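Here is a short report on one protein model.

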Amino acid sequence: MAADQRVLKILTCGSVDDGKSTLIGRLLYEQRQIPDDELAALPIGADAVVDYSLLLDGLEPEREQGITIDVAYRYFRAADRHFIVADTPGHEQYVRNMITGASTSDLAILLVDARNGLTSQTFRHAHIVSIMGIRHVVLAVNKIDLVNFDAQVFQSICADFAKLAELLQFSDVAMIPVSALLGDNVSTRSSRMKWYEGPSLLQHLARTEVLEKATTGFRMPVQLIVRSDGGPRGVAGTIASGQIAIGDKIVLLPSGRITSIKEISSAGRPVGRAEAREAVTLTLSDHVDVARGDVAAAPFDQPHVGSQFVAQIVWLGDETLHPGRSYLLKQGTRTVGVSITAIKYRVDVQTMAHEAAKDLRTNEIGVCNLITAAPLVFDSYADNATMGGLIVIDRATNMTVAAGIVLHPLTRSTTIRPPALFVTKDARAHLNGHRPALLWLTGLSGAGKSTIANATEAKLNAMGVHTILLDGDCLRGGINKDLGFTETDRIENIRRAGEVSKLMLEAGLVVLCSFISPFAADRRMVRELMPDEFIEVFVDTPLETCIERDPKGLYRRALNGEIKNFTGISQAYEQPEHAEVTIRTDELTVEGAADHLVSELARRGIFDLSGKSGPRHE
């Protein structure tokens, strides 16, 4: 659309069956925005009322179930204005789709059924609308005809919503009674509600002036490095905020290198300047190192650069969020590893109260501390929506499990900087005479992990290999003695073990770890800390054998219900699918298993088996 045309981007949301699709379908019908053949195909009920919701519910499952699943976009013009409507699902299962629609909207129409009033989903959607930075809200009290156009019902719902709107700090709130099915107060004022003196929905939309969201200075996430034959290298991306002109200085982050703009091109033609929302290619005056995911910014107004920040998130994953697990974070054009290190509190969407929480479940909202595996360039969402919005992705399934906004950086993100060391890991390995490695033995309790690890270390020690054995019970008696056996504590137990292992690898040692580590995600988290040295060893012992051995008497107590969350009994063990080494204890003795692991390390070049003691690198 031409830049001088006024476009209003609208989100519809609310609970299931509150009439969102019917409302927009009716609006399109009254504005004659429906092709004749599409209108003729709509079914007419026994009461001669057309089902307008089918104009938006285009997916076959939606037509069969009578609910919206996908986000349906419709474009129309009315009252000398252009509108883009995102009709989003009301069902709790599809909150992620609702967030998709909210991310680009200026105004939200929040529908409630006059018979039901505000529901938990109403509160949740209102909160998400607030999180996504939408400041204009219309409360459409729908199906007002089914309560006989009762003014008191409408006013009671409005009073309840006014309290919520004040807490969520919406800038512009309109409350309109409508009947989407019959058309009351949709495009024109209804004659059946003389007690209502406000505008119709369309009249309100037509006159809404969108408040400009607060933005920072120039920001452009780098999307692509363009290399033309024989020509200069270009930096391509969409300007998130501010403006840029030829000759302006910019800083490239996170490197901090300052350069200036030599040329700007947009849509394949040269231009002198460009501004927010324009896709451009910048030619820089200097040959500097820049890559996708970097950010070009104004030197005098720079975003934050750090790896730790506080964010408000909506958890969308089917599995409960437990702090400590590793995910991917996508922000702008950059994707990095991330861990949610702590949940500061969970938000009660009805009372706005802050509740202590150790986990977040599907569709719950919380404020959390996040730490990324590499420095991130970001602004708070209040200052810049593009640079402050984020999604969290599950590494295994590639599904979006959370969406959120950056609230502010953590101070320690900028004050903690690892020093440059004079003695490196390679130097320590050279002194030891062998490379470092991590053997991570996982399996059920009683599988034989500790026994095999102990025997393997004895063989390595006799060969002159520098080792350290980290056993689950030993760490739980010291650094992890404050942890229990809940899922959250188990995750933290393995995270700490992984960090200690990483330090031992830095010392150039061969590290042997013996941990049940029942969750695949947690073992993957440790692998990502040291991908080059991590060797997963699955000690594959049948549960029946482990119960028969029961060296600590734990299985007996677990089977009697005395121990909760016991792996193999009341808590599942996720077997490794791609372990580097599998040891079946019904096929190998302890001595044979230890020999097998020593041979595996030699095969990988960790040391030379021909040496009588630890061979030195020349």
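## Ground rules

A residue is buried under 20% relative accessible area, exposed over 50%, and partly exposed in between, using a 1.4 Å probe and protein chains only. By that scale R395, at 27%, is partly exposed.

This is a predicted model, so local features need pLDDT of at least 70 and side-chain atom pairs count only at pLDDT 80 or more, while totals for chains, interfaces and linings use all residues. Residues are numbered from 1 along each chain as its sequence is written, and side-chain values use heavy atoms, with hydrogens and water left out.

## Salt bridges

A salt bridge is a side-chain nitrogen of Lys or Arg within 4 Å of a carboxyl oxygen of Asp or Glu. The count by this rule is 27.

Start with R395 and E528. Their side chains form a salt bridge, 3.1 Å from N to O. R395 sits in the loop between strand 22 (389-393) and strand 23 (400-409), and E528 sits in helix 14, so the pair ties together parts that are 133 residues apart in sequence. Helices (H or I, at least four residues) and strands (E, at least two) are DSSP runs, numbered from the N terminus. E528 is partly exposed, at 31%.

E30 bridges to R26, with the closest N and O atoms 2.9 Å apart. Both lie in helix 1 (residues 20-30), 4 residues apart, about one turn of the helix. E30 is partly exposed at 24%, whereas R26 is buried at 14%.

A further salt bridge joins D586 and R584, at 2.9 Å from N to O. D586 is partly exposed, at 48%. R584 is partly exposed too, at 31%. Elsewhere, salt bridges that share partners link D482, E492, R495 and R496 into one network.

Two packed helices are described by the angle between their axes and the distance between the axes. Axes are lines fitted to C-alpha atoms, for helices over the stretch in contact, and angles run from 0 to 180 degrees between N-to-C directions.

Helix 13 (residues 487-506) packs on helix 14 (residues 520-529) at about 20°, with the axes 9 Å apart. The two are therefore roughly parallel; angles under 35 degrees count as roughly parallel, over 145 as roughly antiparallel, 65 to 115 as roughly perpendicular and the rest as oblique. Contact means heavy atoms within 4.5 Å. Helix 13 contributes I491, I494, R495, G498, E499 and K502, and helix 14 contributes D522, M525, V526 and L529.

## A521 in helix 14

A521 belongs to helix 14. Is A521 buried or exposed? A521 is buried, at 19% relative accessible area. Leaving aside residues up to four places away in sequence, A521 touches R325 and E574. The C-alpha atoms of A521 and D394 are 9.6 Å apart, though 127 residues separate the two along the chain.

## Helix 11 and helix 17

The axes of helix 11 (residues 449-462) and helix 17 (residues 590-603) come within 8 Å and cross at roughly 55°. These helices are therefore oblique to each other. On the helix 11 side, the contact is made by T451, I452, A455, T456, K459 and L460. On the helix 17 side, the residues include V590, E591, A593 and A594.
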